[in-house]
Amino acid sequence: MTRDDTIEAISDQSMVWDCLVIGGGATGLGTALEATSRGYRVLLVERHDFSKATSSRSTKLVHGGVRYLEQGNIALVKEALQERGLLLRNAPHLSHPLQFVIPAYHYWQMPFYGVGLKIYDRLAGKLSLGKSRVLSRQKTVELLPNVEQNGLKGGILYLDGQFDDARLAIALLRTLIALGGHAANYVEAAALTKTGEKISGAVLRDTETGQEHTVRAKVVINATGIFSDSIRLFDDPSVQKIIAVAQGSHLVLPPKFLQSKSALMVPKTSDGRVLFAIPWHDRLVVGTTDFGVPKPVEEPRIQKHEIEFILSEAGKYLAQDPTADDVLACYSGLRPLVKHGSGTSTAKLSRSHTVLVSASGLVTITGGKWTTYRHMGEDCINHVEQVAGIDHRPSGTKELALHGATKNPEVFTAPEHLAAYGSDRAEVESRARADPALAERIHPALPYMTAEADWAIENEMARTVEDILARRTRSLLLDATAASEAAPKVAQLLANKLGRDRVWITEQIKEFQTLTENYKL
Ligand SMILES: Cc1cc2nc3c(=O)[nH]c(=O)nc-3n(C[C@H](O)[C@H](O)[C@H](O)COP(=O)(O)OP(=O)(O)OC[C@H]3O[C@@H](n4cnc5c(N)ncnc54)[C@H](O)[C@@H]3O)c2cc1C
């Protein structure tokens with residue numbers, strides 16, 4: 001199914017959808033997939049691209065959250081550890097276990113964090129990834145050769161998961177479509193419609209053509225993350241806002257700063273948070289920060305104080321201090337947190353999810369984490385069944401292998417970006433073998449072949465240069481300058497496939513190159 005097929009289905013006036021899901025991030029995609037897997041007729045619309053907002057800007061951890069354990073949120077940690085286990089099983093091409101090492105500079109830290117991590121191991125139950133253990137100084141240095149050795153006493157090792165957020169979003173999309181669901185990017189919910197007091201659908205605007213369609217739905221689900229209040233206001237202009245927005249940023253460095261397959265975890269930074277330095281796609285991702293911002297925006301920008309904080313904290317734990325000149329890219333995301341009263345620091349607001357049903361039947365699902373997207377979807381659709389007064393149908397997503405999932409060991413011998421295609425890997429590579437132009441890299445400093453962009457246009461609803469360079473490939477996060485330079489080539493490819501003209505190409509290049517400035521220091 002292509003985007004055009006979904007647009008055609010949207011314009012079918014006789015159609016009554018069981019669920020209309022607004023928002024194509026982790027929450028919307030997870031919820032739409034849950035509903036589709038239960039046999040409901042589902043339409044998902046995303047006003048930009050899938051995972052454009054928060055869901056492509058995470059720390060890329062599938063984790064229980066060691067920090068939440070420290071905060072005593074055992075229920076959230078347990079839920080997330082269970083979901084971590086399910087995701088690693090259902091999407092082995094996009095997620096994998098990763099070793100984390102906490103360097104200890106005081107002897108007391110080893111038993112202190114060691115005991116906490118034993119509890120973490122226990123909470124994972126049967127889905128544990130392996131036992132945590134205390135490390136000698138020598139073993140710590142062996143695992144993290146470039147850790148700061150001055151004053152180092154030893155370390156603690158534990159296991160958690162890592163994933164590719166935007167690629168997982170596409171795997172969810174493709175699984176949803178394979179099960180008969182409908183979805184389209186660049187379609188905005190512009191208003192909600194009501195019959196009497198009850199919501200009966202929405203006005204959808206195709207942002208590529210400007211065309212509007214009114215669709216009917218038994219239940220409308222608001223999964224718009226940081227933008228949740230805007231949809232709630234469509235429903236009831238007097239409603240109290242519930243979303244607090246908290247920014248978190250990351251710096252992307254060359255891998256030499258850690259030179260390790262293990263990640264480094266700092267359990268307590270100078271502002272009392274955790275900091276990660278994580279190997280990802282042959283780069284080192286360092287972050288994150290957490291501070292409240294007044295309102296949601298689509299393109300948050302890293303602040304000077306965040307850059308200084310991340311560089312200075314990383315410098316304390318790495319043998320070589322990174323500087324701003326070393327940074328290949330930076331990115332910022334906004335967490336959708338649910339307010340309970342006022343005056344709480346955003347770092348302390350709960351990361352658990354919330355489902356709200358309004359008097360008119362609008363179902364809002366928000367909060368949570370990428371790791372818990374499946375459980376959030378399950379919980380939301382359980383509420384939807386109650387709202388719609390239909391018999392409960394059991395969830396099928398616990399055991400559902402996501403698009404591309406494979407047990408073929410051959411797939412995992414490829415570099416990370418190709419292994420991420422899972423069972424599609426052979427097809428992507430065969431394009432490159434068949435056409436030398438597609439075998440070329442999109443840029444010498446990036447690992448991606450032109451065949452991957454070609455594949456994304458045909459199979460993954462990529463519509464713009466940004467879709468390809470920011471999310472289908474992760475070029476923008478790996479090297480913002482190289483991504484900017486790759487824009488003309490990708491724009492031309494898109495134009496050839498989608499039938500766009502010169503003017504469109506010029507605009508696309510300009511738009512994307514302007515955007516890349518946000519990702520450079
Ligand atoms: C810095 C940072 C690090 C994080 N790290 C991790 C991590 O390592 N592991 C983890 O598990 N979680 C992590 N998270 C949390 C996780 O990323 C979020 O919980 C999750 O991505 C939220 O997804 P969402 O779908 O609710 O929101 P979003 O991804 O923001 O999706 C909402 C979508 O709704 C769309 N939309 C809005 N209005 C409309 C409209 N009118 N019509 C149509 N579409 C609309 C938007 O365009 C957007 O794409 C992190 C978050 C941040 C900010």
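Let me start with helix H17, which runs over residues 480-498 of this predicted model. H17 has 19 residues, and from its first C-alpha to its last it reaches 25 Å. That is close to the 27 Å expected at 1.5 Å a residue. The helix does bend, though: there is a kink of about 40 degrees at Ala487, shortly before the proline Pro488.

Which residues of H17 are buried? The list is Ala480, Ala482, Ala483, Ser484, Ala486, Ala487, Val490, Ala491, Leu493, Leu494 and Ala495. So Ala487, where the kink lies, is also among the buried residues, because buried means under 20% relative accessible area. What covers them includes one strand, S16 (329-338). Several helices also take part, including H14 (450-459), H15 (465-472), H16 (475-478) and H18 (502-516). After H17 comes Gly499, with a positive phi near 70 degrees.

Next, helix H10, residues 373-388. Its 16 residues should span 22 Å at 1.5 Å a residue, and the end C-alpha atoms are 22 Å apart, so the two agree. The buried residues here are Tyr373, Arg374, Met376, Gly377, Glu378, Cys380, Ile381, Val384 and Glu385. A general point on helices: an α-helix has 3.6 residues a turn, so residues three or four places apart point the same way. On the slide you can follow Gly377, Cys380, Ile381 and Val384 among the buried ones. H10 is followed by Gly389, and the phi of Gly389 is positive too, near 65 degrees.

Cys380 is in no disulfide, and the nearest cysteine sulfur, that of Cys19, is 8.1 Å away. A disulfide needs the two sulfur atoms within 2.5 Å. Cys380 counts as buried, at 0% relative accessibility. Cys330 is buried as well, with a relative accessible area of 0%.

Now the ligand. It is surrounded by 36 residues, and the closest are Thr27, Glu46, Ser55, Leu61 and Thr371. Thr371 has an N or O atom in its side chain 2.6 Å from an oxygen atom of the ligand. Trp370 comes in through its backbone: an N or O atom there lies 3.1 Å from a ligand oxygen atom. Arg47 also uses a backbone N or O atom, which lies 3.1 Å from a nitrogen atom of the ligand.

Leaving aside neighbours within four places in sequence, Asn222 is in contact with Ile22, Ser228, Ile231, Arg232, Leu362, Val363, Thr364 and Ile365.

The other one is Lys118, found in helix H5 (residues 109-123). Lys118 counts as partly exposed, because its relative accessibility is 39%. What does Lys118 touch, not counting residues up to four places away in sequence? The answer is Lys131 and Ser132. With Ser132 there is a specific pair: the side chain of Lys118 reaches the backbone oxygen of Ser132 at 2.5 Å. As for Asp271, 153 residues apart from Lys118 along the chain, the two C-alpha atoms are separated by 25 Å.

Terms used:
Residues are numbered from 1 along each chain as its sequence is written. This is a predicted model: local features need pLDDT of at least 70, side-chain atom pairs count only at pLDDT 80 or more; totals for chains, interfaces and linings use all residues. Side-chain values use heavy atoms; hydrogens and water are left out. Buried means under 20% relative accessible area, exposed over 50%, partly exposed in between (1.4 Å probe, protein chains only). Helices (H or I, at least four residues) and strands (E, at least two) are DSSP runs, numbered from the N terminus. The expected span of a helix is 1.5 Å times one less than its number of residues. The bend at a residue is the angle between axes fitted to the seven residues ending there and the seven starting there. Contact means heavy atoms within 4.5 Å. A residue is near a molecule or strand if one of its heavy atoms lies within 4 Å of it. A polar contact is a pair of N or O atoms within 3.5 Å; within protein, one must be able to donate a hydrogen and the other to accept it, and residues adjacent in sequence count only if both atoms are side-chain atoms.
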